[in-house]
Amino acid sequence: MKRITALFSSAAVLLTLNMLLSSFANAADVEYRLPSSVSPTFQRIHLNVDPDKPSYSGTTEIDVVVNSPTQKVGFYQHDLSITSAALVNAQHSLSLSVMESDYDINWGTAENVIKPGNYTLKIAFEGNVNTSSDGMYLSRFEENNYIFTQFEDMHARKAFPSFDEPIFKIPYQMTISAPAHQVVVSNTPVLEESVSDGVKTVQFEKTKPMPTYLIAYTVGPFDSTEMTGLSVPGRVYVPKGYIDKTKFVIKHTPEILTSLEDFFGIKYPYKKMDFVAVPNFTHGAMENVGLITYRDSLLLLADNPSVTERSGPLNVIAHELAHQWFGNLVTMAWWDDLWLNEAFASWAASHTMKTLYPELNYADRLVQEGAFGADASPTVKPVKKVVKRQPDVMDGLGLNYSKGESILQMIESLIGTDSFREGVRNYMKTHSWGNTVADDLWRALDGVSDFNLSAMMKAYLEQPGYPIIHITEDGKVTQSRFHFAGASVEDKTWAIPLKLTYQQNGEMKSEVVFIDKTTTTLPQLAEADWVYPNDNATGYFRWSISPAQLDNLLANIEVLNKREKKNVLYNYQALLNADEVSVDSVMKVLNALSADEDPAVIRAAVGVLQEFDYLVNDSNRDAYATLLTNTYMPLLDSLSLTQAEDDSTDIIRLRNQLYGFLGMYAESDSLVEKSNVLAKKYIDDPASVSSGLAGTAIAIATKNSADKDNAKWFNEVVSAFKKAQLPNVKSTLIYSMRFDDKESVFKMLDLALTNEITPANTMYMVARVARNLDDHTLVYQWLDNNADALIKKMPDYHVARMPEFVSSSCSETNLAMANTFYSKISDRYEGMARGVEIMQDESQQCLRLKTAFQSDFDKFLANYAK
């Protein structure tokens, strides 16, 4: 911090710094980014904001260095009205004529050439507060209006003009004028505050150097309370009347922060750490410097939430706090390296959860399973990809988290946690307060490793997909790109670490081998009784061994830990989807592991069987129900539908999964009756039933409700939803309904357009309805009449991904309706065409799998029935 402060005191050094910044980020001066001719060094922003008014005004002064002669200065703005712009220094004031261009870039052009030197870019502007949930937006909650911000990734430009790129990491100073009765909070502590004629003007302290996407502020009638036990001051801000719902978060945040400070060896780097509960939020949370925003459901909790309800909030808090180092203290140079932020924050959050909360079993999670499906798509893009516009950032966003964390976990398993921590600390210390690219990270990790990690990471992150490894009985190992049955992909090769465990002549052996060729021979594997190539299940690949070796492995399955057992099961399910093995092979593995004593392994077996639901149809539904009833109903009966105080996390999750699975497919009248009782009990008193069981009970009850009772169920659920205070209770009630009659479906969809459902949750409501219906005819009938209103209400990010979330299906009829619907609108919305492409690929892939395996699945069920 002191070094940066010193740099900013010298104009000569500033010029050098900005030349470096320009060469680092914009050497090519590509069309979709600002040119290197002008660099910012400091920005002051003054906004006049009233949550009860739709428009606002502001001014900004940006200190810049003109690095080379130019006639125009570029900056970003989106949907603002620029009322004046000028470039001034001690000698001149140059009026600028502003013209909008592509990529949200505006050009302020002077009459004459602007000479190199130091200037201040002064801009006055006006804008409207939007009502979705990006940029600066309005959120109405219980008759009060609030202003929130969400600037990642390219949304700061919607609130004020700026150099809205992550490479421009400079200090900011925010001043906000608002009605005197409103609470105003921003990234830094208040420097001074004054009130005049009912208007409060709050000037905040200058920030540390940071990118625009981490700027945040909020205005509204908040309640707040102090978070004690932190290394810096901190408060939790919540909508008026909800401060008593924050006790759980206040209790656990200090220990999470301390754990992360210990891991990084660097104290939390900013002056304060405030949390804000946001009732209308597209994402889960946002790591803004000093003012972290969260979906209200993550902060507003019961004093002692259930095991399953506490896991998500604790993990998200750990993730956002980890970002204060990964992303904030050290920032990517451009959005193509967003994975640097998200992968490391996800890894650090998981590490923290394992350390502080072992009872939540984060050590048993196979993170890669959350990435493999999307990463197998023929249309998937690399984690590190070309980014020009905002939809490019969001394309495949989930892989930044899941695939990125999986690769880091694989590296950690190779070099050890201590060495990994050392590499991370070296990386953080070297690049604190600066920007990085992927090569900087690879260099840091190579420095603490005996392996060539750079080659491995580049292959996994700079090309799409992942490998499948085939090991033959004579020790030949081949690799190719994994793909689902019937798909066509461009083949690739990877540098793959195989952490081998194998048995030969009754003796267990283990070793690590890197393979980077299409075919490699490992003589030591010849004549092995069995081979397991993925020690502790940390590899990012699929694998296969011979049928005889699989039989031997299953006969010795107890030598594997629970992670490895789950990996065997998930792996053979994937091999089936790739048409590498038969349904019988998967069932052989499933049967072996469903008899395991560990509830986490049983749950994995249930999950794999549940994945066959796309093959269930009218002709085999009864046989499938019989299979489930005979195999798993006794287990659910033994667990009962009552959650005991001493139930472990795994038992709770197994019960919840079994209940949902059997309730949907076992055709059990008894289970429906029990569900009716539980659903009504929860509606009357949400504290009387755990949310995991309650959501399933409502789903089963409404799915099996007689048509004459549907309206009563709907009204009772919606009435309880309106009365509920806790966000998680509201979600459990409203998103669990599973009606399929026209009147109820339309009422649920209409609800999405009302103020009862926030803009951030609007598409989620529509997606839930669609995914609960086998036939989407009613959905498209409604969309044909309401698409404009729906899209107008949703945030931009959801508009682009609407086809993917709402319309992916395993039905040719549904796919045809989707294609007809989107053909009329996809060209009107940026990024939606890519969403259609993903939707079509997912749907067609499921249809290919159905064609490939329907007959085998039917035969399996028929043989079972015998």
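Reply: The protein chain is divided into domain 1 (31–221), domain 2 (335–462), domain 3 (466–594), domain 4 (620–738) and domain 5 (741–865); these bounds come from an automatic or database domain assignment. This is a predicted model, in which local features need pLDDT of at least 70 and side-chain atom pairs count only at pLDDT 80 or more, while totals for chains, interfaces and linings use all residues. Residues are numbered from 1 along each chain as its sequence is written, and side-chain values use heavy atoms, with hydrogens and water left out.

The part to look at is the interface of domain 3 and domain 5. The centres of domain 3 and domain 5, taken over C-alpha atoms, are 35 Å apart. Domain 3 brings 10 residues to the contact and domain 5 brings 7 residues, where contact means heavy atoms within 4.5 Å.

The size of an interface is often given as the accessible area lost when the parts come together. Between domain 3 and domain 5 about 750 Å² is buried, and carbon and sulfur atoms give 76% of that area. Buried area here is the accessible area (1.4 Å probe) that two parts lose on being put together, summed over both. On the side of domain 3, Ala485, Val583 and Met587 lose the most area to domain 5, together 49% of what that side buries.

Between domain 3 and domain 5 there are 0 salt bridges, a salt bridge being a side-chain nitrogen of Lys or Arg within 4 Å of a carboxyl oxygen of Asp or Glu. Across this interface, 2 residue pairs are in polar contact, both at pLDDT 80 or more. A polar contact is a pair of N or O atoms within 3.5 Å; within protein, one must be able to donate a hydrogen and the other to accept it, and residues adjacent in sequence count only if both atoms are side-chain atoms.

The elements that give two or more residues to the side of domain 3 that touches domain 5 are α14 (562–577) and α15 (583–594). Of these, α15 gives the most, with 3 residues. Helices (H or I, at least four residues) and strands (E, at least two) are DSSP runs, numbered from the N terminus. That side of domain 3 divides into 6 nonpolar, 2 polar and 2 charged residues. In this count Ala, Val, Leu, Ile, Met, Phe, Trp, Tyr, Cys and Pro are nonpolar, Asp, Glu, Lys and Arg are charged, and the others, Gly among them, are polar.

The structure as a whole holds 39 salt bridges.

Elsewhere in the chain there are paired strands. Strand β6 (residues 97–100) and strand β7 (residues 105–114) run antiparallel and are joined by 4 bridges; two strands pair if DSSP finds at least two bridges between them. Valine 98 has glycine 108 in β7 as its bridge partner. The hairpin of β6 and β7 has 4 residues between the strands, and tyrosine 103 there takes a positive phi near 60°.

Most residues other than glycine have a negative phi, and most peptide bonds are trans. Aspartate 79, in the loop between β3 (70–76) and β4 (81–88), has a positive phi of about 65° although it is not a glycine.
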